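This briefing is for a reader new to the structure. The sequence and the model come first, and the notes after them are grouped by topic.

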Amino acid sequence: MEQRVRVLLIEDDPDYTMLMSVYINEACGETLKYLLENTVSLQGGLDLLSRQEYDIVLLDLMLPDSQGLGTLLKVRAKAPGLPVVVLTNLAQDDLGLEAIAAGAQDFLPKSKLDAGRLRHAIGFALARDRLFRQMEKLIDGSPDGMVIVDRSRMVRYANAAALGLFGKKWEQFVGRLFDYTLTPDRAMELKLPGKSGETLTAEMRVAEIEWKGYPAWVATIRDVSELKKLAQVRAEVSERRNSDQLKDQLLSTVAHELRTPLSVIKAVVGTMRDDLAGPLTKEQADLVGIADRHVGRLTRLLNNFLDLTRLESRRARVNRQPFDPRALIEEVELGMRLANRDKAADIRFDAPKKLPSVMADSDMIAQVLGNLLDNALRYARRSVTVRASANSGEVEVAVTDDGPGIQKARLAELFDKFIQLDRPKGGEGYKGTGLGLAICREIMALNGGRIWAENVPAGQGACFRFTLPIAAEAAAPLREEGSHAKARA
Amino acid sequence: MPKLALKKILIVDDERDLVGPLATRLTAAGRYEVAVAYDGASGLERAMEFRPDVALIDLAMPGLDGWQLCRRLREDARTKGAKVIVMTAWLSPDLGKRAHAEGVNQVLLKPFEEADLLRALETGGASP
């Protein structure tokens, strides 16, 4: 197979060009052919380079329109990948070495030229070029930015990732001073301006390397902005979690500590209320009655708060067992009826004779239903209705009052902590804790159910609904809980 | 004479302000003979001579605490038949389990309703 090497000779001396073409012809062998083209000026050379492909350039540095190393740099800029052998005059070895440092593959003293030397120089330049290209390919393929910096701190090579990181074009970066401290074997952090005005954080590592025959450094630069951000977010999250835990702990401790003095106040007030410390006048009895109600309120508040803390922390034990929802509703309703005998509103219960068993912690569900009935009785004008029905794997329970309803804008936040609606009060000085519905929501979440509120159309009252999974269906999605329940049953 | 029919209740709590009203209420109920102590050690001493039917014990006390007092009562022939009710303001997840293991008959969470206290005193030695 014949190999053709296309040689561009940029040389203004016609005698030397003639000599060169003779040597080139001599150098040709059976399988290796050289095709020589000549131009006499840098501009001519640049024109040819932009129009045609060559394998190698033989370059005289002393041309009519350009002298010295600049000539080489311009050729390199025009055809960055093309190997260049510089032709030097006698006693210009220094220039030749400089040319190599500036990217030439080799230099060839004109006076020592013959066919063998030329062939050797071209072959060597091509082979050396192939090796360098392998190195460049390795560097180009790196997702990290890589910059080759020579010992004069001049950038000799940079891959696309590096140009991207520094936000520069090749010609703005390569051949210029590298503006960062190079400390081998130690990671350094760089702050770089990002594309959209943000600051990138990059980590730079520097190692010594030989680049095209000369000692140099290779700087590897990695964008760690995302990692940094992630680490920062992680630190913030864990800090917040810690402070949340501390806050919960503190509140829980305070709530528990309050119970001891509260128990004393309750006992003392109860003793007076029941005339155990001697008979009270009407006025004294009224005052003690007020104190007694507020002790009750404070007790409820503390208990609700501790309930909610326990539920939210998932420390609550959930004892899910199949039970008959109808029996539970009747039981809670009876308790409510007895406790609210003096209230004007009455409770109606409307459900099919038979409801399927549901899978849940019945004590917890009784608490939910109790809370909802309690709320409803406070706001009802005449009656509260409890309806229950079974559909598609769930039993739905609805507690409806005929009170003023709930402002639409507040329906969504109803189940948040410490939300008390500005609905007209039920009187009797009974005040809610603002935690009841939050507790309901937590309980429903622990029992695989849902809870929500809606208004009866035309301001006819509020309706709270919750669902519970039917026992047979509950076994599949909550297998762990289900198997516990079975083991206990 | 009717005094012989009274149920003997021993209240042990370092919270004197709570012990007073409790004793007043129980005495006023007319069915109980009440003795009190304000720490675990004197509670134990009092229990040996008083031989209560029911011991109402606070858990968090300096020195001999409620759990230890309960154990000592269970170990002594004179008191091991007594019903033990513990009172606490601290509801911990394993409170019920621990109470059961220590031979406590019932737990009352402070603050409690008078009705709950009276019911606890009257019901049999059911475990919590």
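A salt bridge is a side-chain nitrogen of Lys or Arg within 4 Å of a carboxyl oxygen of Asp or Glu. By that rule, Arg273(A), Asp274(A), Asp292(A), Arg25(B) and Glu114(B) are linked in a network of salt bridges. The model is predicted, and its scores are ipTM 0.83 and pTM 0.53.

**Chain B as a whole**

- Chain B has 128 residues, and 45% of them are buried.
- Its secondary structure consists of 5 helices and 5 strands, which follow the pattern β-α-β-α-β-α-β-α-β-α along the sequence.
- The average pLDDT of chain B is 89, with 93% of the residues at a score of at least 70.

**Salt bridges**

- Over all chains, the structure holds 35 salt bridges.
- In chain A, Lys110(A) pairs with Glu11(A), and the closest N and O atoms are 3.1 Å apart. This pair links distant parts of the chain, 99 residues apart. Lys110(A) sits in the loop between strand 7 (106–109) and helix 5 (115–140), whereas Glu11(A) sits in the loop between strand 1 (3–10) and helix 1. Both Lys110(A) and Glu11(A) are buried.
- In chain B, a salt bridge joins Asp58(B) and Lys110(B), at 3.2 Å from N to O. Here too the pair links distant parts of the chain: Asp58(B) belongs to strand 3 and Lys110(B) to the loop between strand 5 and helix 5, 52 residues apart. Both Asp58(B) and Lys110(B) are buried.
- Arg337(A) and Glu333(A) form a salt bridge with an N to O distance of 2.1 Å. The two residues are 4 residues apart in helix 10 (residues 325–339) of chain A, so about one helical turn separates them. Arg337(A) counts as partly exposed, at 38% relative accessibility, whereas Glu333(A) counts as buried, at 5%.

**Surface patches**

- Asp12(A), Asp13(A), Asp15(A) and Asp65(A) form a negative surface patch. One of these residues, Asp15(A), is placed in helix 1 (residues 14–27) of chain A. Asp15(A) has a relative accessible area of 60%, so it is exposed, the cut-off for that class being over 50%.
- Leu250(A), Val254(A) and Leu258(A) make a nonpolar surface patch of about 270 Å². Leu250(A) is part of helix 8 of chain A, and it counts as exposed because its relative accessibility is 56%.

**Backbone details**

- Between Lys110(B) and Pro111(B) the peptide bond is cis, with omega near -5°. Pro111(B) is located in the loop between strand 5 (106–109) and helix 5 (114–122) of chain B.
- Asp275(A) has a phi near 60°, which is a positive value in a residue other than glycine. Asp275(A) is placed in the loop between helix 8 (225–273) and helix 9 (282–312) of chain A. With a relative accessible area of 40%, Asp275(A) is partly exposed.
- Arg51(B) is not a glycine, yet its phi is positive, at about 50°. The loop that holds Arg51(B) runs between helix 2 (40–50) and strand 3 (54–58) of chain B. Arg51(B) is partly exposed, with a relative accessible area of 43%.

Notes:
Residues numbered from 1 in each chain as written. Chains lettered and ligands numbered in written order. Predicted model: local features only at pLDDT ≥ 70, side-chain atom pairs only at ≥ 80, totals over all residues. Heavy atoms only, no water. Patch = residues over 30% accessible without salt bridge, like charges linked within 9 Å, V, L, I, M, F, W, Y side chains within 5 Å. Areas by Shrake-Rupley, 256 points an atom, 1.4 Å probe, with all protein chains shown as cover. Lys, Arg positive; Asp, Glu negative; His and termini not counted. Charge placed at Lys NZ, Arg CZ, Asp CG, Glu CD. Buried < 20%, exposed > 50% of the residue type's maximum accessible area, 1.4 Å probe, protein only. pLDDT = per-residue confidence, 0-100.
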